[in-house]
Amino acid sequence: MNSPLQFIEPECFESVAVGACFTTRLGGCSAAPFAGLNLALHVGDDPAAVALNRAKVQEKLGLQHAPCWLDQKHGNRVVRIDEDPSKLSADASITRTPGLVCVVMVADCVPLLLCDRGGTEVAAIHAGWRGLETGVIGATLDAFTAVPSDIIAWLGPSIGLSAYQIGADLRRRFVVADPGTASAFDRQGPSWYMDLAHLARGQLEQAGVQFVHIDGHCVYQCSDLFYSYRRDGRTGRMAALIWIEGS
């Protein structure tokens, strides 16, 4: 594609010494159906195109180190990349080392970026319904040195309530486990719909996180900017990245 790379930069982190961004599909060199800035190697795209796209992101952001890409499993495992960067099969990463980049890829699920208010520790979470059900947010908060009330959270673009139809059994599991989640679901005729961002925000707030910011874009509805697996099936992935400024 000839268009330049276009990123979303969370304003909530401007007061701390961290860098953060969320990529869109604009720019990059992947061909259809991955057209644009696909950053995933596991979706069937040309690996050379993905490698070039990742290099473009690193160059545009001025990153000294390549992001620590995860082998995401829709689970709740958290890895501390400054201790063991070789074991990256997880759905969240955390670091206290300046320059190391936590990153998660999404195409409907919630990309969640966290940092403490001192800017000394950052984390990235891939939060789909499986991760939310099995506690990936709580596991990541437990890995922080800071207490939840000192953590800033940003929820990036994800699939919206009106586009995310689910089965009644899945809704029932969430509501039985926590009746307070009922407001994250909407019934339209015989079908139920889920608001992933609402669920994620609720889990953050219940854990004691007070500074929660939601981007609000629905990736399903914005096909020009975002990939969506639910919309397109075979498609690319965006990425949410966060790092502590420094060498």
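**View 1. Phe22 meets its partner in strand S13.** The bridge partner of Phe22 in S13 is Ala240. This is a predicted model, where local features need pLDDT of at least 70, side-chain atom pairs count only at pLDDT 80 or more, and totals for chains, interfaces and linings use all residues. Residues are numbered from 1 along each chain as its sequence is written, and side-chain values use heavy atoms, with hydrogens and water left out. Strand S2 (residues 18–23) pairs with S13 in the antiparallel sense over five bridges; strands here are DSSP runs of E with at least two residues, helices are runs of H or I with at least four, and both are numbered from the N terminus. To count as a pair, two strands need at least two DSSP bridges between them.

**View 2. S13 has another neighbour, strand S5.** Six bridges link S5 (residues 101–106) to S13, again antiparallel. Met105 has Ala239 as its bridge partner in S13.

**View 3. Thr235 in its loop.** Look for Thr235 between helix H6 (229–232) and strand S13 (238–244). Thr235 counts as buried because its relative accessibility is 2%. Leaving aside neighbours within four places in sequence, its contacts (heavy atoms within 4.5 Å) include Pro33, Phe34 and Val43.

Key: Buried < 20%, exposed > 50% of the residue type's maximum accessible area, 1.4 Å probe, protein only.
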